[in-house]
Amino acid sequence: VTGSDAYGLPTALDDEVLLGLIQLSKLLGFADRQVSFTRYQLIRILGWRNESKSYERIEMSLNRWMGVTLYYQNAWWNKARRCWMNEKFHVLDNVWLCHRAEGSIDAAEHETGAPRSAFVWNDVIFRSFQSGNLKGIDFDFYRDLQSAVAKRLYRFLDKRFFHRRRWEFNLKEFAWEHVGLARSYDTASIKRKLCPGIMELEKKG
């Protein structure tokens, strides 16, 4: 995974925005790579406050995702060919956002619900969506989680527990490669960062 020099790699909040985009596509039955939407609609899906900061955060997130490139080495499953492949692609091909007058937080979008913005999924990732290579999650449960670590743990573990009830992982590989913790963390720091997220998930059952 590489990010652009200007915007860098996605953060935990950018993960949420990407999931919100997937939810928008799901509402349309993954019928088209191009998805029209309003930022107010996306903010409601994400459960964020309807304020300027949220609109700015969405634009920053979309800038980051536009700059991300994914490189898969014999690790991208092609359902049609029934094999693992090398693939290199962006997540999003295009994004356009309609801006209102200064001081207006998409007021017309809010009142009319008319889509004024849109994004286009990359063809490779969209074909994967249409092929069913996308496990559903309880998005309301995910949205209610407070910790960014708990959210990433939930997304990763939910896929695995779908297959069996017990898993074991190398701690550093788990933390660095799947939860996104910094590689500078030693074992004690990793445990300290993971524990609150684990406890939150356990508390919610």
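These legends go with a few close-up views of a predicted model.

**Close-up A. Helix 7 crossing helix 9.** Let's start with a pair of packed helices. Two packed helices are described by the angle between their axes and the distance between the axes. Here, helix 7 (residues 148–161) and helix 9 (residues 187–203) have axes that come within 8 Å and cross at roughly 65°. That makes the two helices roughly perpendicular. The crossing of helix 7 and helix 9 is right-handed. On the helix 7 side, look for V149, A150, L153 and Y154; helix 9 brings K193, L194, G197, I198, E200 and L201 to the contact. Sort the residues in this contact between helix 7 and helix 9 by class and you get 7 nonpolar, 1 polar and 2 charged.

**Close-up B. Helix 7 again, this time with helix 8.** Helix 8 (residues 171–179) packs against helix 7 at an angle of about 95°, and their axes are 10 Å apart. Helix 7 and helix 8 are therefore roughly perpendicular to each other. The residues that make this contact are V149, R152, L153, F156 and L157 from helix 7, plus F174, H178 and V179 from helix 8. By class, the contact between helix 7 and helix 8 has 6 nonpolar, 1 polar and 1 charged residues.

**Close-up C. R164, in the loop between helix 7 and helix 8.** Is R164 buried, exposed or partly exposed? R164 counts as partly exposed, because its relative accessibility is 46%. Now find L194: it sits 30 residues from R164 in sequence, and the two are 22 Å apart in space, C-alpha to C-alpha.

**Close-up D. W121 in the largest nonpolar core.** In soluble globular proteins, nonpolar side chains tend to be buried together. The largest nonpolar core in this model has 48 residues, and V91 and W121 touch the most other members. Leaving out residues up to four places away in sequence, W121 touches L18, L21, I22, S25, R33, V35, V91, L92, D93, F126 and F129.

Close-up E. Most residues other than glycine have a negative phi. You'll find F30 in the loop between helix 1 (12–27) and strand 1 (34–37). R82 is in the loop between strand 2 (69–78) and strand 3 (83–90). R82 counts as exposed, because its relative accessibility is 58%.

Notes: Residues are numbered from 1 along each chain as its sequence is written. This is a predicted model: local features need pLDDT of at least 70, side-chain atom pairs count only at pLDDT 80 or more; totals for chains, interfaces and linings use all residues. Side-chain values use heavy atoms; hydrogens and water are left out. Axes are lines fitted to C-alpha atoms, for helices over the stretch in contact, and angles run from 0 to 180 degrees between N-to-C directions. Helices (H or I, at least four residues) and strands (E, at least two) are DSSP runs, numbered from the N terminus. Angles under 35 degrees count as roughly parallel, over 145 as roughly antiparallel, 65 to 115 as roughly perpendicular and the rest as oblique. A crossing is left-handed if the near helix is turned anticlockwise from the far one by less than a right angle, and right-handed if clockwise. Contact means heavy atoms within 4.5 Å. Ala, Val, Leu, Ile, Met, Phe, Trp, Tyr, Cys and Pro count as nonpolar, Asp, Glu, Lys and Arg as charged, and the others, Gly among them, as polar. A nonpolar core is a set of buried Ala, Val, Leu, Ile, Met, Phe, Trp, Tyr and Cys residues joined through side-chain atoms within 4.5 Å. Buried means under 20% relative accessible area, exposed over 50%, partly exposed in between (1.4 Å probe, protein chains only).
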